[in-house]
Structures are given as C-alpha cells and as structure tokens.
Amino acid sequence: MTRQRGFNAVVALLSCVISLLFGLADPAHSISAPLPPDSIYQLPVTLKDQDGKPRSMLSMRGQAQIITMIYTHCSYVCPMTIETLKAVDAQLAPDQKARLHRLLVSLDPKRDTVPVLKKMMDERQLDAKHWTLARPAPSDVRKLAAVLGIQYRQLANKEFNHSSALILLDAQGRVRARLIRLGQVDRDFVEAVKAVLGERPRP
C-alpha cells in the first residue's frame, strides 16, 4: 500500500510538471479555453499591421497591451498620444516594458495605408517588437471605436474630431484601466499597468 501511494504521488507530480510545461494547468493558457464575456478579443475584426500582416483580435490574446486609436495625418492630439505612451514606458522597468505591447489602430484606413503606417513607425522610432500600427477595414472602424469607447467624426476637410484614450487590456482582452488626460503621466494608470503585468493569466 505504501509503495502504491508513493507511485501515485510520483505520477501526480509528473502530471503536474507536464501540465505546467504545456500550459494545461491553467485554462487561460489553453487556446481552446473560452474568452471571458467582456473580452475585446471576441470582436470579429482583422487588422493589417505596418508590415502588411493580418492580425485578428483573437491572435492578440496572451499579452497585456495598451490600445488606442489615432490617424497619421493628425497634427496634435495623436502625436501627444504617442508621447504619452512613451512617458508611461519611462515609468516601467525594462522587463515590464518588454512584456507590454502597444497597439495604435487607425481611424482613417483609407489614407493610412501600410506604407504610410510603416513610415510613421520609422519617423517616431517605434520598436516593432513592442509597438504595432494597424489599419482595420473601413467598415470595421466604427465597431472597434464603439467597443473602445472612442468617439469620432470625420470633417469636410477629411480630418477627424475624435476623443482620445489609452486603454489597458489584460492578457485576456479585458479593459482594466483608461487614461483620458494625455500629455502627462498618470500615476494610477501606471500602477494599473504594473499590476496587470504582475498578474498570472486567468480565465
């Protein structure tokens, strides 16, 4: 009986190790595990990044990120949005910055073509390992803006009036914090970013 109990304990230990190695111990690591009902990653929208590669919202699962909406012809608010993101970065440790992604989605996909997005990446010196500029299909802009709470209106001169916010998503695509006051570092938002980066993935 003692020998059988010892064998069972060894089997249980090995099963635990295998589960951890292959991400089976935590359902959040399983691709087949359902997303939470409030996950933005359930939105059936595909983006095209600055390299022309398609990215579904679902493919972004598994990494915390800050998402916002801009357009490249914007001369004031959108550059400020990028600088605010960089200011948030400056408050993070190197390992934290490496685990956080930044996704900037265009409000103006008709003009923000792939080459235009690539040019902006180069001009703003944004690291493609941790930053993505992307364009949705024109028909999907309003869907994504509605989910993110971004209001916008195109003007007669093709520019946009739009609200701005940095939206923190956890690894499962749930909104965890919003930063509306751009141009300055908000301590509460930075702490929320650090808290999300310090979490274990959860279902």
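Buried, throughout these exercises, means under 20% relative accessible area, exposed means over 50%, and partly exposed lies in between (1.4 Å probe, protein chains only). Helices (H or I, at least four residues) and strands (E, at least two) are DSSP runs, numbered from the N terminus. The structure is a predicted model, in which local features need pLDDT of at least 70 and side-chain atom pairs count only at pLDDT 80 or more, while totals for chains, interfaces and linings use all residues. Residues are numbered from 1 along each chain as its sequence is written, and side-chain values use heavy atoms, with hydrogens and water left out.

**Exercise 1. Determine how far strand β5 is enclosed, and which strands pair with β5.**

Step 1. Two strands count as paired if DSSP finds at least two bridges between them. Strand β1 (residues 46-49) pairs with β5 in the antiparallel sense over 3 bridges, and within this pairing Asp 49 has Ala 134 of β5 as its bridge partner.

Step 2. Strand β4 (residues 101-106) pairs with β5 in the parallel sense over 4 bridges, with Thr 132 of β5 as the bridge partner of Leu 103. Between β4 and β5 the chain passes through helix α4 (residues 114-123), and this β-α-β crossover is right-handed, that is, with the strands pointing away from the viewer, the path from the first strand over the helix to the second runs clockwise.

**Exercise 2. Identify the buried and the exposed residues of helix α4, and state what covers the buried ones.**

Step 1. The buried residues of α4 are Leu 117, Met 120 and Met 121. Seen down the helix axis, they fall within an arc of 105° (taken from the directions from the helix axis to the C-beta atoms), so they line one face of α4.

Step 2. An α-helix has 3.6 residues a turn, so residues three or four places apart point the same way.

Step 3. On the face turned away from the buried side, α4 carries the exposed residues Pro 115, Lys 119, Asp 122 and Glu 123.

Step 4. The cover over the buried residues of α4 includes β1, β3 (65-70), α2 (77-90) and β5, and after α4 comes Gln 125, whose phi is positive, near 55°.

**Exercise 3. Describe the burial of strand β3 and the strands with which β3 pairs.**

Step 1. Strand β3 is mostly covered, since 6 of its 6 residues are buried. Gln 65, Ile 67 and Met 69 point one way, whereas Ile 66, Thr 68 and Ile 70 point the other way.

Step 2. In a regular strand the side chains alternate between the two faces of the sheet.

Step 3. β3 and β4 run parallel and are joined by 6 bridges, with Thr 68 opposite Leu 104 in β4. β3 also pairs with strand β8 (residues 166-169) in the antiparallel sense over 3 bridges, where Ile 167 of β8 is the bridge partner of Ile 67.

Step 4. Contact here means heavy atoms within 4.5 Å. Leaving aside neighbours within four places in sequence, the contacts of Met 69 include Val 105, Leu 107, Val 141, Leu 144 and His 162.
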